Amino acid sequence: MDPALDTWDFSSPLISLWINRFYIYLGFAFGFSLWICFQIVIRKQNKNLQEKTTPKASQDLMTNGYIFRPKKEVFVSGVKIFYGSQTGTAKGFATILAEALSSLDLPVAMINLKDYDPDDCLVEEVTSKNVCAFLVATYTDGQPPESAEWFCKWLEEAANDFRFGKTYLKGMRYAVFGLGNSVYVSHFNKVGKNVDKWLWMLGAHRVMTRGEGDGNVVKSKHGSIEADFTAWKAKFISRLQALRKGERKRCRGNCKKGKCESNQRSSEAMEPGSHAQEELHHGDAEEEEPFGSTSEEESDTEDHQSQNSVIDVEDLGKMMDHVKKEKREKELQEGETSVIRSTVKSEASERRAMITPALREALTKQGYQLIGSHSGVKLCRWTKSMLRGRGGCYKHTFYGIESHRCMETTPSLACANKCVFCWRHHTNPVGTEWRWKMDQPEMILKEAIENHQNMIKQFKGVPGVKGERFEEGMTVKHCALSLVGEPIMYPEINKFLKLLHECKISSFLVTNAQFPAEIRDLKPVTQLYVSVDASTKDSLKKIDRPLFKDFWQRFLDSLKALAAKQQRTVYRLTLVKAWNVDELQAYAELVSLGNPDFIEVKGVTYCGESSASSLTMANVPWHEEVVRFVCELVDLIPDYEVACEHEHSNCLLIAHKKFKIGGEWWTWIDYSRFQELIQEYEDSGGSKTFSAKDYMAKTPHWALFGANERGFDPKDTRYQRKNKSKDISGC
């Protein structure tokens, strides 16, 4: 074999590789290209995934694979709660709201509008990022409370001053909750509405609809003003939480799936100056609603109508059919809803009690024993005094009532006035007609007597209490329907009076002269009182602050109705110094209108400082001043004379001369004879009537005006008095 050939055969694979090297290079190049393409595809997929999960603002700030996150933007820096309160309710609500907001970890400040200067401070809220909550009450005649007078005056002037402009408070965010009572129809929540309007006129942004608290439990949306505030507070806190997330507009639930505009806007707003933020402010401008509106549905309708879409002509017929169908379904649904709402509202109105939980708590603290849903009983201080033998009230002096056997109660805590001298400090409800749940008179009387007896039992064994009077006190003989409120408003007042008389209990009913029809329809009572707190229209409005617009005509008609009564009638005058003591001639004219049997003139009793009244000790007349007023009044009414006096109560009694027989006064009442007469009246079906002189009794000497006892029963040890050197017995 040839050696050269063997060498060639050995090296032939290498030669073959050398000869085919081009194909080898091509294979390597192709494989490397595939690897590069694979890497490009993977990186592109990762990039797309990252774009989906990373917000746009973060993508723009991404450099070399690193994300530089900006500092988190603060949308709400704090909450300022402004309150304007007269009786303290708005201040109490402000405190409750502040406590509720403390859980949100936000700075909260409570500000009394009395101490706030809007001229210097309000404009700061434009850039402060605070949310301002205004809790303001409406006071007499739709006026703001004293603490908010200057703020409201400044705000009104600024809103109507062209120099401030419509953008003065642009950027300020606010919410308003007004406190009022819908029985004052003409100015219900007027201050809250005005504050809301004026802030809006100055360019401030309302973050939520205005809340309106209603002290009228019948018309209150949630049953009481406290419940109204609780509902508004919950909405405010919810809205505040949304604002903290950057949501400017409440989500209405109309967003497409996975594309909530509120969430998108809050994330896009992270970048200042972005196009998304401009759209956000544009949305805010569109959301801003007129100041008078409180409906959230209006913005829903506007949002729905603002959606622009292109409809093919061929689909127009189908679209119209669909719209008509939706309209029919909506009308049907609204009809059913309105029926349900009206039914629920009607049922709620029927079931709604006059005494709310908050009112029950307040009255219980004052010593009331509450009965059912609208009545109450309380032990009079003179009842306690007479149990100890320390003297009775002026009714004991004037009419012979046994004060330790007298039950002070009312079947209606509601009143139609808010008198400045109200000794209950306006804790009772107000109203012009009966719209509450009504309890039966049998239940009211039964529980009133039981509660009264239980309060009397507490005096058993108390030092000074006389055993004989304690035993007598357990049997109620008199009922003073003058505790609080307007008892004549109670629809079953006549039945209640009949039950009293069946129990041999005399009836002393007091009314505020605002219900003439009820006075005319009233069955006979032992003695019927009408409060005559002023003699002119202006002074009556100032002192009694009545709810009725036609209060003066109602007042005059009540006096005329009183004149037609055949039983004992009384004018009750409460003298408020510097308010109603200079109207003697006008009082005399009112006396001729109602022709009462008696006129009680009493100096106002100061019951302590109250934010609901401007009354002070300076308005309380001295006894000598009351005596002087009475003597001057008697000179103008020739058919009357001064009969009795109770110095301790600062009270005098003017009586018609028909009760002065043979030179002696007969102002006291023969209670046994009255019970006989009222029984005859009931047995005859009301045909057998009787007059005031049919059950009168002789007045003892010690009760007469000018006596040394000054109206104190000499039998009572506390009032054993020496002759006074000071003589005020003569007019």
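**Group meeting: a helix pair and a surface patch**

Start with helix α22 (residues 551-563) and helix α23 (residues 584-594): their axes come within 7 Å and cross at roughly 50 degrees. Axes are lines fitted to C-alpha atoms, for helices over the stretch in contact, with angles from 0 to 180 degrees between N-to-C directions. Helices are DSSP runs (H or I, at least four residues), numbered from the N terminus.

This is a predicted model, where local features need pLDDT of at least 70 and side-chain atom pairs count only at pLDDT 80 or more, while totals for chains, interfaces and linings use all residues. Residues are numbered from 1 along each chain as its sequence is written, and side-chain values use heavy atoms, leaving out hydrogens and water.

Which residues of α22 and α23 meet? Phe-555, Leu-556, Leu-559, Lys-560, Leu-562 and Ala-563 in α22 touch Leu-590, Leu-593 and Gly-594 in α23. Contact means heavy atoms within 4.5 Å.

Now the surface. Leu-14, Leu-17, Ile-24, Tyr-25 and Phe-28 make a nonpolar patch of about 590 Å². Patch residues have over 30% relative accessible area (Shrake-Rupley, 1.4 Å probe, only the protein chains shown as cover). Nonpolar side chains are joined within 5 Å, like charges within 9 Å. α3 gives the most, three residues.

Terms used
Helix = DSSP H or I, 4+ residues; strand = E, 2+ residues; numbered from the N terminus. Salt bridge = Lys/Arg side-chain N within 4 Å of Asp/Glu carboxyl O.
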